[in-house]
Amino acid sequence: MSTTVLYTPEVLGLAVKLAAHGWDGDLPFRAEARSPSCGSTIALGLALDGEGRVTKIGVRSQACAIGQAAAAIFADAAQGRTQAELAAAAQAITRWLGEEAPLPDWPGLSQIAAARDYPARHGAVMLPWKAALSALSGEGAKR
């Protein structure tokens with residue numbers, strides 16, 4: 001059993017901060033992701049500019065505090081990134097969670113680094129990246 005504290009004040013603060021990225025059902029790229037290990041779910045909507053960079057993000061969350069914090073971290077730093085950059089970040093985070101790589105260079109990720117010690121929360125950490133990649137790959141709903 002890990003002695004690392006998972007639900008710190010910083011994590012809970014990020015979960016609250018997610019409200020700044022409210023859901024917008026009119027965003028053209030939308031998808032949902034669910035963590036099979038904990039049941040957390042988020043819906044993510046994105047808009048892109050002509051160069052394929054994220055310009056707007058909306059999130060609807062029914063996730064644990066780690067899932068909500070991960071979504072806030074994602075939403076705060078995804079603006080201006082391309083699908084390829086999001087995919088590279090998702091791969092780096094997956095390797096880090098599997099203890100195969102150091103903490104990736106994604107702003108704010110260090111605030112939920114304790115989740116690495118809790119495999120049941122790994123799916124919640126990955127929710128926003130999975131939803132974004134699903135939406136942008138054509139698996140999600142498009143208008």
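Residues are numbered from 1 along each chain as its sequence is written. In this predicted model local features need pLDDT of at least 70 and side-chain atom pairs count only at pLDDT 80 or more, while totals for chains, interfaces and linings use all residues, and side-chain values use heavy atoms, with hydrogens and water left out.

Trainee: At roughly what angle do the axes of helix α1 and helix α2 cross?

Mentor: Helices here are DSSP runs of H or I with at least four residues, and strands are runs of E with at least two, numbered from the N terminus. Axes are lines fitted to C-alpha atoms, for helices over the stretch in contact, with angles from 0 to 180 degrees between N-to-C directions. The axes of α1 (residues 9–17) and α2 (residues 65–78) come within 7 Å, and they cross at roughly 65°.

Trainee: Which residue in β3 stands opposite G45?

Mentor: Strands β2 (residues 41–48) and β3 (residues 54–62) pair in the antiparallel sense over eight bridges, where pairing requires at least two DSSP bridges. They form a hairpin with five residues between them, and G52 in the turn has a positive phi of about 80°. The residue opposite G45 is G58.
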